[in-house]
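Have a look at the picture, then read on.

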Amino acid sequence: MPARRPAPLKIPLAAASVLVASLCIAPAAHAAPGNPGTPRYGPGTAGVGDPYFPLAGNGGIDVLHYDLDLDYTPPAAGAPLTGELQGVATIDLVATQDLRSFNLDLRGLTATQVVVGGKAMAFSQDDQELVVSPRPKLKAGAQTEVVVTYGGTTTRPEDIEGALYGWVTTADGAMVVNEPDGASTWFPANDHPTDKASYSFEITVPEGLVAVANGLLQGSETSAGRTTWLWDAPDPMAAYLATATVGDFALSQYTAANGTPIIDALDDDLTADNLATTEASLALTGEMLTFFEERYGPYPFIAYGAIVDDDSVGYALETQTRSFFSRVAREGTVAHELSHQWMGNHVSPERWSDIWLNEGWATYSEWLWSEDRGRATAEESFQEVLAIPADDEFWETVVRDPGPFGIFSGAVYDRGAATLHALRGEIGDDAFFALAKTWVTEFGGGTASTDDFIALSESVSGQQLDAFFDVWLAAPTKPVSW
């Protein structure tokens, strides 16, 4: 995602009031054999322990697959920007501990039924969490199917910085972009990057609209004035990277030179200038794929493409296999979002404090692409960052721990990229690009932390780099040795 500039700092309320659909008081837990004072079965935690977003994700479960059956009606012409969404989420998960209850993240929509293992179960719901009490209780290692029926009115939710995210209702459909924790505004999720899963989508909308999701299009069917769009995304994906964007899109499909299927969705209502810029930028996708494969390794997913909506959330996002662009796709941003497929999507942040590993790499990828195209070199872009005065607040951000209101700050992007360029100078080109490929190979399909990156940098280069990373990532001051 390109840097978001400062926005009003406000923590939004839930997009819509959430009703308690059912309430169950669980029976007392049985003590573990041989340890009378310790209950064997306990509740899964309401979050995974990420200090930036304490309720994001859920403890005690590992989701394997989401099958999302969605029926959406956007607002009528001239009506307020609210839609109606009804969903059935079929979730295959494994218990990672003995559970008497577990949580799913769900905000602004009301669950009406929860079925576990084929049987209706008691559940409760507040404004952020859906709490399920399975009977019989779940043993660690047990795999089960959870079916949640839910729905309600969609609005235009905001993240903690006041930026639109999640299921954003538009006049002709919806823009669906979730970073960092907006997936729970449209489906019950384990909404943290540490739990990746495969996805399938069945999205029904009024005839004439197109629903675009991740992965490959499996087909569409129209009946009684409504069209159902089927998409399959088999690659492991964090919930924040899922989409089900709806609008007046024209789809184009082709195969890139490296064999990757490309599906682009361009809004019919883009202005002539934005359409021309977008088409010219997206025409470079095949060359960019080859360029980044040479530096980061094989493209990691089943497909790629873009969604370009004529409405705006104020930023672009690297939605997995189908990057989202507000109103126009520009060449530098196309390179940025495509490189994220390796750096951020395939290798995702262990905690949101590690986001510089997403945005620093994607910004540096822009620098590399620019240099390859004969424009500004990576060194020139690096020097532009170093030209920022030492007393500028830009240097006050601790890149490896920017705080929840700083994850989209300019320093995370630009100082993050400068850190990588300085590291390249420190360890040399051969070690640096070996590091990039090893990073993707070793951590692809999962998550990694800043400490993981430092350790791998030292392992690949054979150098001790604590002092280097302290200066570039931990010090709230301008580096003076470069």
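Before we get to packing, one definition: helix axes are lines fitted to C-alpha atoms over the stretch in contact, and angles run from 0 to 180 degrees between N-to-C directions. Helices (H or I, at least four residues) and strands (E, at least two) are DSSP runs, numbered from the N terminus. Keep in mind that this is a predicted model: local features need pLDDT of at least 70, side-chain atom pairs count only at pLDDT 80 or more, and totals for chains, interfaces and linings use all residues. Residues are numbered from 1 along each chain as its sequence is written, and side-chain values use heavy atoms, with hydrogens and water left out.

**Helices that pack**

Let's start with α4. Helix α3 (residues 331–340) packs against α4 at an angle of about 130 degrees, and their axes are 8 Å apart. That makes α3 and α4 oblique to each other; angles under 35 degrees count as roughly parallel, over 145 as roughly antiparallel, 65 to 115 as roughly perpendicular and the rest as oblique. α4 also packs with α6, this time at about 70 degrees with axes 7 Å apart, so α4 and α6 are roughly perpendicular to each other. Which hand does the crossing of α3 and α4 have? It is right-handed, and the crossing of α4 and α6 is right-handed too. For the record, a crossing is left-handed if the near helix is turned anticlockwise from the far one by less than a right angle, and right-handed if clockwise.

How enclosed is α4? Of its 17 residues, 14 are buried, so the rest of the structure largely encloses α4. Here buried means under 20% relative accessible area, exposed over 50%, and partly exposed in between (1.4 Å probe, protein chains only). The end C-alpha atoms of α4 are 23 Å apart, which agrees with the 24 Å that its 17 residues should span at 1.5 Å a residue. The expected span of a helix is 1.5 Å times one less than its number of residues. After α4 comes glycine 374, with a positive phi near 85 degrees.

Over in helix α6 (residues 410–427) you can find threonine 419, which counts as buried at 1% relative accessibility. The C-alpha atom of threonine 419 is 9.3 Å from that of tyrosine 364, although the two are 55 residues apart along the chain.

Helix α2 (residues 285–296) has 12 residues and reaches 16 Å from its first C-alpha to its last, close to the 16 Å expected at 1.5 Å a residue. Its buried residues include Met288, Leu289, Phe291 and Arg295. Just after α2, glycine 297 takes a positive phi of about 105 degrees.

**Rings and charges**

A search of the whole structure turns up 30 aromatic pairs. Rings of Phe, Tyr and Trp (its six-membered ring) pair if their centres lie within 6.5 Å; planes under 30 degrees apart count as stacked, over 60 as edge-to-face and the rest as tilted. One of the pairs is tyrosine 240 with tryptophan 352, edge-to-face at 5.0 Å centre to centre and 65 degrees between the planes. Tyrosine 240 sits in the loop between β17 (226–237) and β18 (244–247), and tryptophan 352 in the loop between β23 (347–349) and α4 (356–372), so the pair ties together parts 112 residues apart in sequence. Tyrosine 240 is buried at 1% relative accessibility, and tryptophan 352 is buried at 1% as well.

Charges meet rings too. A charge sits over a ring if NZ of Lys or CZ of Arg is within 6 Å of the ring centre and within 35 degrees of the ring normal.

| Charged residue | Ring | Distance from ring centre |
|---|---|---|
| Lysine 137 | Tyrosine 41 | 5.3 Å |
| Arginine 295 | Phenylalanine 291 | 3.6 Å |

Most residues other than glycine have a negative phi, and most peptide bonds are trans. Alanine 224 has a positive phi near 55 degrees and is exposed at 82% relative accessibility. Threonine 321 also has a positive phi, near 70 degrees, but threonine 321 is buried at 3% relative accessibility.

As for peptide bonds, the one from arginine 135 to proline 136 is cis, with omega near 5 degrees. Another cis bond joins glutamate 179 and proline 180, with omega about 5 degrees.
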